[in-house]
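Dear colleague,

Please find below the structure I promised to pass on, followed by some notes on what came out of it.

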Amino acid sequence: MSFLLLETEDVAWLRDDLAGARGVASRLAEQVGLDEHRRGEVALAVTEVASNLAKHAVAGAILLRIVRTSQRAGIEVLAVDDGPGMPDVADSMRDGHSTAGTLGIGLGMIARLADTFDLHSLPGHGTVLLARFWPRRARLLPPDAGDARVTSLVEGVTRTISGGQQCGDGWAARWDSSGTSVQAALVMLSDGLGHGPLAQRASLAAIRAFRASTSGSPEEIMTDIHQALAATRGAAVAVARIEPDLNQVSFCGIGNISAAVLTAASKSSLPSRPGTAGHQIRTLRTVTHPLSQGSALIMHSHGLTERWHPKTLPELLDHSPAVIAARLLHTAGKHHDDASVIAAKGLW
């Protein structure tokens, strides 16, 4: 069985200037080499998303970013709002559905323009929308050629503290290249101490060390990261090893990184040890937990509260990792701190 890992570049959270989303999206689409027609489709979809947020939603925001596979780059649009939510998602997906003077293109049209489309809406709790756009030539590739439309095994979202410019949180994912016979994805989340450029520097150092490590063991990778962060202010860091064919995850964390395996009705925490990567680590410990079909691994920084549970977010695990991560960030994120969420949901 094959899986996909996407790399993402957080580019812009737009809250107060939703009208400018079209221009930002067009520039990013040109930057990654989308042709003129495809750029127009991206701009059209983003305009409709921004119009819907401005007309209907409470506290809406759009995240625009570049996504990459090993072969191509595309544009991802994530939109979130506080409500009112959609009482009838199927009706809202109908072409021409429009109120309050929006374009009337409809979510159905956006879904057809996008290569990946996902939407989670709860009346009273708002909507999370994902639309991902690849070059048209990528849409012609068969699935066994690494089709970019396949949902990634792991996806994450970061957000800076209110008023901040540099995010002290960071994450990365890669395949295990240590030579073991078991296919495994490795995931790392870092929360640099404090905020601003020094916190960001620590997380960037953690990402570089994670990618450079030749180990497939969470504890050994954590040791590599710990050594690399010695010249920084340090960070809370966690590494997970996801083995889809074995239906399990192994987790090793230091500091205030929270992790849990979710089902529709349960939340099983994976503990991190006290300490600060780069400065003080006592005994590292790896815990292993089943990660069966229908469950998901969540890792998040201290920028989220622990006051959330899958029971209060019905059908969330039916959605893509990006939508799961964005929903949790929007539901539990603290605006007075940098925040990040990783979601890993198997395709098995």
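Strand 1 gives the most residues to the lining of the largest pocket, namely 7, where strands (E, at least two residues) and helices (H or I, at least four) are DSSP runs numbered from the N terminus. Please bear in mind that this is a predicted model, in which local features need pLDDT of at least 70 and side-chain atom pairs count only at pLDDT 80 or more, while totals for chains, interfaces and linings use all residues. Residues are numbered from 1 along each chain as its sequence is written, and side-chain values use heavy atoms, with hydrogens and water left out.

The lining of the largest pocket comprises 31 residues, and D10, V11, T158, T160 and C167 are those nearest its centre. (On a 1 Å grid over the protein atoms alone, a pocket is an open set of points where a 1.4 Å probe fits, with protein on both sides within 12 Å along at least five of seven lines; lining residues have an atom within 4 Å of a point.) Two or more lining residues come from each of strand 1 (7–14), strand 6 (154–159), strand 7 (169–175) and helix 5.

Helix 5 (residues 196–212) also meets helix 6 (residues 218–228), their axes coming within 9 Å and crossing at roughly 135°; axes are lines fitted to C-alpha atoms over the stretch in contact, with angles running from 0 to 180 degrees between N-to-C directions. The contact (heavy atoms within 4.5 Å) is made by A205, A206, A209 and F210 of helix 5 with I221, D224, I225 and A228 of helix 6.

Best wishes
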